[in-house]
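Please read the following as a walk through side-chain contacts and helix geometry, with the structure open alongside.

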Amino acid sequence: MRPLNHVLALAVAMLVAACGGSSDERPRYSAQVVFGDSLADVGTDRVGAVAAAGGGRFTINGDSTAVNPALTGKVWSELIAVQLGLPAPCAAQTGLDGDPALGFSVPVANHPGCFGYAQPGARVTEPIGPRHKLTGSPLGQLTVPVVTQIANHLALSGGRFSGTEVVFVTAGGNDAIFLLDQLAAGATAAGAAAFGNTLVGALAAGATNPAAAAAAIGAALQAELARPGHTDASVVQAAVGAAARQPGNAAVADAAVYGPIVARAQADAQAAGAAHAAANGPAVVAAMARAGAELAELVRNRIVANGANFVVVNNMPDISITPIARPQPPPTQALIGAMVDGFNSALKNGLAGAPKVLQVDLFAFTHDQATNPALYGLTNVVTGACGPNLLGGSSLLCNTSNLKPGDVSHYMFADDAHPTPYEHALVAKFIAQRMATNGWL
């Protein structure tokens with residue numbers, strides 16, 4: 001046999017080998033239906049400026065196998081479809097609701113006959129996910145949640161699954177990102193308040209009338225904060241300048257005087273932010289557990305109960321190993337771990353004993369990859385492969401024209417969180433092995 005020189009062909013060959021026995025022994029699926037998030041999305045955002053830039057999926061985009069056999073631009077759901085002998089999956093809905101000036105405002109279009117409902121930014125039940133316009137993102141992703149994705153499919157299929165399709169479900173990551181962003185925003189606000197209170201109070205203490213001085217300093221600080229383009233340094237200087245103008249307080253303009261005050265305010269800000277995160281961390285973990293339980297309920301009562309016989313549910317991968325999570329301080333690392341565990345445990349428990357459901361442990365798989373990368377042919381599990389682009393290095397706009405220097409084809413991550421095509425091939429193989437073991441492939 002000639003050597004395989006295309007990662008897609010290699011992935012398919014591995015999937016076939018994983019099955020064992022004749023393909024006639026496995027179920028013959030009529031279709032592949034995919035619900036979830038950017039890990040399974042096949043092009044919801046491939047419109048407007050995103051498409052024009054050669055992007056559209058959260059990976060290294062485009063068939064660049066001529067450059068390197070691993071650069072297929074394929075995600076795991078596409079590779080599985082090949083193995084099942086089904087048409088390439090297509091996005092059930094496309095569009096963006098973002099900044100028109102950037103080409104991110106494209107009318108929503110629904111595509112009958114396309115069963116790739118997974119969308120970037122999608123959460124389990126909440127409609128506002130990461131990069132939705134209401135988060136302030138210029139991209140304006142649709143972030144239709146899984147509960148609505150399922151409802152949309154049922155509305156188009158007479159309220160039932162046929163029972164002959166295979167259904168894949170992958171979610172949870174965007175719930176974690178959104179909740180972490182909220183927690184970080186709250187911690188930042190708490191820190192900013194503490195910084196301002198300490199700074200204003202200490203700067204005003206030497207004035208002839210501390211109360212009047214504090215009011216003037218506070219007003220100057222708020223005015224500078226409201227000015228577009230302000231910096232931390234400019235905010236401090238605005239406050240110090242106002243303080244020095246107060247009767248009896250000229251000495252505060254000396255860096256030797258205001259420097260320690262600023263340092264104390266910064267320490268108070270850090271402590272306040274950490275206290276906010278510690279106080280609200282348990283609520284975030286609980287929210288993730290609820291999301292996991294909600295996903296289990298959707299699988300049982302909206303998918304299986306409506307006729308699906310073959311449902312593959314992937315749990316959350318180990319997001320603590322992603323490039324965006326690795327540099328976080330130990331308390332944040334611990335919180336991320338607890339969030340993922342809360343979601344995955346609730347999902348597992350909610351689906352325990354569920355008929356017609358196969359649970360795939362992507363957490364254990366990705367954790368082992370990060371621990372033993374060489375066993376999987378991975379050359380880098382720490383940094384992303386994509387270089388700078390209009391979205392700050394996001395893999396949505398990543399292709400071979402803006403990769404980091406060198407051979408990045410066997411990196412685990414395309415950007416700070418999403419897989420490369422090579423990693424998608426590994427995930428596809430793992431899912432197929434689990435399906436084969438279950439007699440489904």
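Phe 310 and Trp 440 are both buried. The model is a predicted one, and a search of it gives seven aromatic pairs. In the pair made by Phe 310 and Trp 440, the ring centres are 5.3 Å apart and the planes meet at 85°, so the arrangement is edge-to-face. Phe 310 belongs to strand S5 (residues 310–314), while Trp 440 sits in the segment after helix H11 (421–437), so the contact ties together parts that are 130 residues apart in sequence.

Phe 365 is in helix H10 (residues 362–371) and Tyr 376 in the loop between H10 and strand S7 (380–384), eleven residues apart. Both Phe 365 and Tyr 376 are buried.

Charged side chains come next. Side chains of opposite charge can pair when their charged atoms come close. The whole structure contains four salt bridges. One of them joins Glu 78 to Arg 57, with 2.8 Å between the closest N and O atoms. Glu 78 lies in helix H3 (residues 76–84) and Arg 57 in the loop between helix H2 (48–52) and H3, 21 residues apart. Both Glu 78 and Arg 57 are buried.

Another salt bridge connects Arg 123 with Asp 175, the closest N and O atoms being 3.2 Å apart. It links the loop between S3 and H4, where Arg 123 lies, to helix H5 (residues 173–204), which holds Asp 175; the two residues are 52 residues apart. Buried means under 20% relative accessible area, so Arg 123 counts as buried at 7%, and Asp 175 does so at 4%.

Lys 133 and Asp 97 form a salt bridge as well, with the closest N and O atoms 2.9 Å apart. Lys 133 is in the loop between strand S3 (105–110) and helix H4 (146–156) and Asp 97 is in strand S2 (residues 93–97), so this bridge ties together parts that are 36 residues apart in sequence. Lys 133 is partly exposed, at a relative accessible area of 41%, and Asp 97 is partly exposed too, at 36%.

The N-terminal end of H8 is capped by Asp 254, which has a side-chain oxygen 2.9 Å from the backbone nitrogen of Ala 256.

Definitions and conventions: Residues numbered from 1 in each chain as written. Predicted model: local features only at pLDDT ≥ 70, side-chain atom pairs only at ≥ 80, totals over all residues. Heavy atoms only, no water. Salt bridge = Lys/Arg side-chain N within 4 Å of Asp/Glu carboxyl O. Helix = DSSP H or I, 4+ residues; strand = E, 2+ residues; numbered from the N terminus. Buried < 20%, exposed > 50% of the residue type's maximum accessible area, 1.4 Å probe, protein only. Polar contact = N/O pair within 3.5 Å; in protein donor to acceptor, adjacent residues only side chain to side chain. Phe/Tyr/Trp six-rings, centres within 6.5 Å; stacked < 30°, edge-to-face > 60°.
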